[in-house]
Amino acid sequence: TEFEPAPAVRETAESIATMEIRGAATIASAAAEALAEQAEAAAASGATASDPAAFRASMRAAARDLRETRPTAVSLPNALRYVLQRMEGDSVDGLRRSVVDASEAFVEQLDRAQEDLGQVGANRLADGDTVMTHCHSTDALACIEAAVEQGKSISAVVKETRPRQQGHITAEQLRDAGVPVTLIVDSAARRYLDEVDHVVVGADSIAADGGVINKIGTSGLAVNARERGVPIMTAAQTIKLHPETLTGHTVEIEMRDEGEVIDPAARGEIGDIAVENPAFDVTPPRYMDAIVTEQGQFPPESIVTLMRELFGEGAAEPWAE
Ligand code: RUB
């Protein structure tokens, strides 16, 4: 493009692409913060410092670079849209300030939404419950941690989550919150569901039909939980709602490198086989008991009502004040 994004933006984009920064909420706040860094850099350098139109164009270019990193978590484009829609002013300094303010407001709302949904999710858990988790979701953890803060005694069975083992991050965080943790391989999930009272997962996107897009393996876990009679909830702030699914679009499922599945050194020995590595899957609404948001809990089939409220006529996005 004509505008090279600031080094801080390139670094953030690279960290999202390599999954050093990962998880839908964390990606969203990093992207919003990167736009603020772009605004500071553009207000201080070259043509963008003196030309409001050039400043705006450089912001849009930075947003495109951030957008292209990973396709599935809608919180990323939702964050970029939130900040860019609030960019206003006739001078570069005014524009800069509006972007920095919007970025800060976004991150604040994100934190508050997570706290609020944590309370809702915690209300679904009872003293003495054992929960099962998949992957690492800050929204899901907020529910478990809030339950512990309510004085409930909770223990956890944590799925390691192949291929990248984000379950290890979940295990450490729960251990630090004083939750007794048992780590299992993914394929042991159904066996352990007999000892579990509730499954708690996060989401990268929620579709208008109530389908939950989350880490690969979530849909199988949900089907098994239903078969075992164990309730399953998705903890998802409203920035996870995917506006384009209201008009019939589907959510792109990221396909990642085969090197995450099979050691490149062993590839030669195994020879001519196909390896596929989808990062996410879709859990149909009928296998999910509740979507827990900062606006309360919803049966998946009714989430479209909230989506229309937040994205429909005029109201341009979630987290409207
Ligand atoms: C992470 C993942 C998480 C959601 C929700 O996938 O699927 O469950 O992003 O996380 P990856 P949060 O590791 O591939 O990014 O609740 O923190 O937004």
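The domains themselves are domain 1 (7–115) and domain 2 (124–311), with bounds that come from an automatic or database domain assignment, and their centres, taken over C-alpha atoms, are separated by 27 Å.

Since the model is predicted, local features need pLDDT of at least 70 and side-chain atom pairs count only at pLDDT 80 or more, while totals for chains, interfaces and linings use all residues.

How much area do domain 1 and domain 2 bury between them? The value is about 1800 Å², with 54% of it on carbon and sulfur atoms; buried area here is the accessible area (1.4 Å probe) that two parts lose on being put together, summed over both.

Now to the largest pocket, to whose lining domain 1 and domain 2 each give at least three residues. A pocket is found on a 1 Å grid over the protein atoms alone, as an open set of points where a 1.4 Å probe fits, with protein on both sides within 12 Å along at least five of seven lines, and lining residues have an atom within 4 Å of a point. There are 14 lining residues in the largest pocket, and Arg67, Val74, Pro77, His242 and Glu244 lie nearest its centre. Helix H4 (residues 75–85) supplies the largest share of that lining, four residues, helices being DSSP runs (H or I, at least four residues) numbered from the N terminus.

Finally, let me turn to one residue. Is Glu108 buried or exposed? Glu108, which lies in helix H5 (residues 92–123), is exposed because its relative accessible area is 52%, and the cut-offs are under 20% for buried, over 50% for exposed and partly exposed in between (1.4 Å probe, protein chains only). Glu108 and Ser29 are 79 residues apart in sequence, and their C-alpha atoms are 9.2 Å apart in space.

Methods:
Residues are numbered from 1 along each chain as its sequence is written. Side-chain values use heavy atoms; hydrogens and water are left out. Helices (H or I, at least four residues) and strands (E, at least two) are DSSP runs, numbered from the N terminus.
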